[in-house]
Amino acid sequence: MAFFIGLLTVILVLDCAVLILLVLIQLPKKDAGAGVAFGAAATDALFGAGSGNMLTKITKYAAGIFFVLAIGLGLLQGVFSRRSTTDFQRELERQAKESATAVTPTPVQPAAAPASNLITIPAATTPSGTNPVPE
């Protein structure tokens, strides 16, 4: 399923690029807009004077494909991630059961409590003839 999601993602990216180009070469309304800056007059020369209708139809189809792919990929990714999470949780539970049965716990004996709560610090050994405390 991951390969199918990757393939649809590549198709979605290509559709986005086509959609961007189609929007940029649309005929402008009243000689304004991005179409003039990106050569809308060239589309008239290339496709003919009625190219606005053809480009509009292709843009509608490309936009429809974009929305279908986006929604479909969202649903597929949701199903795939839930399935992957469930498989991961099952594997963790299986490993936990195996480790619980493989290792037999040994009983731990509590340590004897100390007689007092006093902390004993061993006396520091100093070389003979030196004073550890500065005067």
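A residue counts as partly exposed when its relative accessible area lies between the buried class, under 20%, and the exposed class, over 50%. By that criterion Arg94, at 38% relative accessibility, is partly exposed, and this residue takes part in a salt-bridge network together with Glu91 and Glu98. The model is a predicted one, with an average pLDDT of 75 over the chain and 57% of the residues scoring at least 70. The chain contains four helices and zero strands, so that the reading below, given the cut-offs for burial, is organised around helices H1 and H4, where Ile11 and Thr59 respectively lie.

**Fold and confidence**

- Starting at the N terminus, the elements follow one another as α-α-α-α, and the chain as a whole has four helices and zero strands.
- Confidence in the chain is highest in helix H1, with a mean of 92, and lowest in helix H2, which covers residues 34-37 and has a mean of 55.

**Exposure and contacts of the whole chain**

- When contacts between residues at least 6 apart in sequence are considered, 69% of them join residues that are at least 24 apart.

**Helix H1 and its surface**

- Helix H1 spans residues 2-24 and includes Ile11, a residue that counts as partly exposed because its relative accessibility is 38%.
- Ile11 belongs to a nonpolar surface patch together with Phe3, Phe4 and Leu7, and the accessible area of these residues together is about 430 Å².
- Cys16 is likewise located in helix H1, and with a relative accessible area of 27% Cys16 falls in the partly exposed class.

- Val68 itself counts as exposed, because its relative accessibility is 61%.

**Thr59, a buried position in helix H4**

- Thr59 sits in helix H4, which runs over residues 51-102, and Thr59 is classed as buried because its relative accessible area is 15%, a value that falls under the 20% limit for that class.
- Leaving aside residues up to four places away in sequence, Thr59 touches Leu19, Leu22, Val23 and Gln26, and Leu19, Leu22 and Val23 fall within the residue range 2-24 given for helix H1.
- The side chain of Thr59 also reaches the backbone oxygen of Leu55, at a distance of 2.6 Å.

- In one of them, the side chains of Arg94 and Glu91 meet with an N to O distance of 2.3 Å; because Arg94 and Glu91 are three residues apart in helix H4, about one helical turn separates them.
- Arg94 also forms a salt bridge with Glu98, and here the closest N and O atoms are 2.5 Å apart; since Arg94 and Glu98 are four residues apart in helix H4, about one helical turn separates this pair as well.
- Glu91 counts as partly exposed because its relative accessibility is 33%, Glu98 is placed in the partly exposed class at 43%, and Arg94 is partly exposed at 38%.

Definitions and conventions. Residues are numbered from 1 along each chain as its sequence is written. This is a predicted model: local features need pLDDT of at least 70, side-chain atom pairs count only at pLDDT 80 or more; totals for chains, interfaces and linings use all residues. Side-chain values use heavy atoms; hydrogens and water are left out. Helices (H or I, at least four residues) and strands (E, at least two) are DSSP runs, numbered from the N terminus. Contact means heavy atoms within 4.5 Å. Patches are made of residues with over 30% relative accessible area and no salt bridge: like charges are joined within 9 Å, nonpolar side chains (Val, Leu, Ile, Met, Phe, Trp, Tyr) within 5 Å. Accessible areas come from the Shrake-Rupley method with a 1.4 Å probe; for residues, only the protein chains shown count as cover. A salt bridge is a side-chain nitrogen of Lys or Arg within 4 Å of a carboxyl oxygen of Asp or Glu. Buried means under 20% relative accessible area, exposed over 50%, partly exposed in between (1.4 Å probe, protein chains only). pLDDT is the predictor's confidence in each residue, from 0 to 100. A polar contact is a pair of N or O atoms within 3.5 Å; within protein, one must be able to donate a hydrogen and the other to accept it, and residues adjacent in sequence count only if both atoms are side-chain atoms.
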